[in-house]
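Welcome, and thanks for taking a look at this one with me.

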Amino acid sequence: MIIHHRAAFFCTLLFALGASALASTAIVVSVPDQILALVQDGQQVKKFPISTSKFGVGDRPRSFATPLGTLQIAAKIGEGAAVGAVFRNRHATGEVLRPNSPGRDPIVTRILHLRGLDLCNARAFGRGIYIHGTAEESKIGRPASYGCIRMRSRDVVRLFESVLVGAKVEIVNLPLSRALAHLAVN
């Protein structure tokens, strides 16, 4: 019994240490650069090409724009799903698509559902603004979405594994270098 309690304690301790490292993780999205940066303890550790909205920035209903400001990950959906798994209404359909499959533009692989924390992005959660994989990987690097932040499937898996629910997401209309410099000052 004592051995069991010690093992549980060490597992809890290891999980807490891992969780604390992830808890200091944030995401910065640069709309002009079409880049998403993973930031840990104020330092950029990874960056990924992305696609934001082809309709610009904003948070008006039915605008299909990407909201700016501070958001957070409200839910992570798709853990363990196949790369290319198709999601409809945040549920896997059972279909799996290869990158750049012709004719369709579904949400694939993983979903990070975002909740706005600012007045200027308060509708993001209800609008279904996500960071997600796309079957249209050839369009990554230029605005192409309907409000969400699209990533290559292999990249969204890496991001999904690197962040916790509650992680902050800053979407800015600034070059990434300026956004990171601004965050380092504040």
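1. A residue counts as buried under 20% relative accessible area, as exposed over 50%, and as partly exposed in between. Arg104, at 38%, is therefore partly exposed. Please keep in mind that this is a predicted model.

2. Arg104 has a partner: its side chain meets that of Glu95 in a salt bridge, 2.8 Å from N to O. Glu95 has a relative accessibility of 32%, so Glu95 too is partly exposed. The count of salt bridges comes to 6.

3. Next, have a look at Asp105 and Arg150, whose side chains form a salt bridge at 2.4 Å, N to O. Asp105 sits in the loop between strand S6 (91-96) and strand S7 (107-116), while Arg150 belongs to strand S9 (residues 149-151), so the pair ties together parts 45 residues apart in sequence. Asp105 is partly exposed at 31%, whereas Arg150 is buried at 3%.

4. Asp155 and Arg152 also make a salt bridge, with their closest N and O atoms 4.0 Å apart. Here Asp155 is buried at 5% and Arg152 is partly exposed at 23%. As for shared partners, Asp105, Glu136, Lys139 and Arg150 are joined by salt bridges into one network.

5. The largest pocket holds about 310 Å³ of space. It is lined by 16 residues, and Phe64, Gly128, Tyr146, Gly147 and Cys148 are the closest to its centre. The lining comprises 7 nonpolar, 5 polar and 4 charged residues.

6. Phe55 lies in the loop between strand S3 (43-49) and strand S4 (69-77).

Definitions and conventions:
Residues are numbered from 1 along each chain as its sequence is written. This is a predicted model: local features need pLDDT of at least 70, side-chain atom pairs count only at pLDDT 80 or more; totals for chains, interfaces and linings use all residues. Side-chain values use heavy atoms; hydrogens and water are left out. Helices (H or I, at least four residues) and strands (E, at least two) are DSSP runs, numbered from the N terminus. On a 1 Å grid over the protein atoms alone, a cavity is a set of points where a 1.4 Å probe fits but cannot get out, and a pocket is an open set with protein on both sides within 12 Å along at least five of seven lines; lining residues have an atom within 4 Å of a point. Grid points are joined across faces, edges and corners, and a volume is the space filled by probe spheres set on the points. Ala, Val, Leu, Ile, Met, Phe, Trp, Tyr, Cys and Pro count as nonpolar, Asp, Glu, Lys and Arg as charged, and the others, Gly among them, as polar. Buried means under 20% relative accessible area, exposed over 50%, partly exposed in between (1.4 Å probe, protein chains only).
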